[in-house]
Amino acid sequence: MHMGLIGLGRMGGNMRERLRRAGHTVVGFDRNPELSDASGLRDMVAQLPESPRVVWLMVPVQAVDSVLDELVGLLSDGDIVIDGGNSKWTNDKEHAARLAERGVRFLDVGVSGGVWGLEYGYALMVGGDSADVQHCMPLFEALKPEGDYGFVHSGGHGAGHFAKMVHNGIEYAMMQAYAEGWELLMASEEVENVSATFESWREGSVVRSWLLDLLVAALEKDPDLQKIRGYAEDSGEGRWTVEAALDLAVPVPAISASLFARFVSRQDDSPAMKMIAALRNEFGGHAVLPEDD
């Protein structure tokens with residue numbers, strides 16, 4: 001297939017490479033000309049010969065509307081736009097309706113995999129019409145991990161981003177639990193080798209996970225996390241998860257607590273937040289703040 005990809009940052013650039021390795025033709029556009037395959041959106045669309053064209057957005061939520069405003073005038077009836085960024089699910093139906101007025105179809109795709117997706121594949125959660133999902137399946141198959149898992153058609157417009165939002169809320173809570181356990185072990189006098197204790201849990205333990213593997217990797221680089229300031233941003237999806245839980249009257253105490261813990265990190269240098277910052281850097285390449293000298 002031929003596909004346009006807008007946004008070639010930490011995830012978008014690796015997605016382009018993984019799709020190309022699978023034999024697809026990807027024309028990428030980024031504001032950084034050193035990364036871009038096209039001089040602008042018009043040039044990118046012009047390089048896509050297939051009809052319907054597929055254009056995938058990997059841009060921040062703040063940029064989605066402006067990109068769509070420019071893009072919609074360049075596309076034709078039957079073309080498909082995929083929003084694969086961390087967009088708020090409540091906007092998806094509006095975007096689908098707006099594009100439909102021009103005959104352009106829309107899918108929302110929650111994408112997980114961080115900086116490791118190129119090697120291991122991306123978990124994809126898709127929202128939209130079944131016919132459009134089926135048309136794009138060769139792209140999804142190339143991006144997902146090998147095997148039976150890593151892809152789901154979650155439902156109609158908004159379902160993909162809603163599923164990814166909840167996924168990230170769970171991620172918040174899991175990281176917070178690991179971080180608090182690490183701080184408690186570090187504070188104890190009984191446990192002499194905290195890093196080895198976490199490493200031992202990678203097999204056989206019920207708390208083993210990829211996040212635990214990344215935690216161990218972070219500790220190998222900096223056993224006491226002395227090089228990292230205990231400050232962790234929130235991407236927005238944790239907030240949206242709590243907001244949705246309030247709207248639906250669903251109790252989410254662990255996710256809520258993990259979100260507010262990030263706010264605590266902005267007031268004092270928390271040992272647990274050092275681990276949260278380290279984990280975010282390991283799985284997503286998110287920036288960390290160095291400790292002041």
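Where is the place of Val 288? Val 288 sits in the segment after α13 (271-284), where helices (H or I, at least four residues) and strands (E, at least two) are DSSP runs numbered from the N terminus. The model is a predicted one, so local features need pLDDT of at least 70 and side-chain atom pairs count only at pLDDT 80 or more, while totals for chains, interfaces and linings use all residues. Residues are numbered from 1 along each chain as its sequence is written, and side-chain values use heavy atoms, with hydrogens and water left out.

Val 288 comes out as partly exposed, with a relative accessible area of 29%; buried means under 20%, exposed over 50%, and partly exposed in between (1.4 Å probe, protein chains only). Neighbours within four places in sequence aside, Val 288 is in contact (heavy atoms within 4.5 Å) with Ile 228, Ala 277 and Asn 281.

On to the aromatic rings. Six aromatic pairs turn up in a search of the whole structure. Rings of Phe, Tyr and Trp (its six-membered ring) pair if their centres lie within 6.5 Å, and planes under 30 degrees apart count as stacked, over 60 as edge-to-face and the rest as tilted. Trp 56 and Phe 140 are edge-to-face, because their ring centres are 6.0 Å apart and their planes are at 75 degrees. Since Trp 56 belongs to strand β3 (residues 54-57) and Phe 140 to helix α7 (residues 137-143), this pair ties together parts 84 residues apart in sequence. Trp 56 is buried, at 0% relative accessibility, and Phe 140 is buried with a relative accessible area of 0%. Ring pairs also link Trp 56, Phe 140 and Phe 151 into a cluster.
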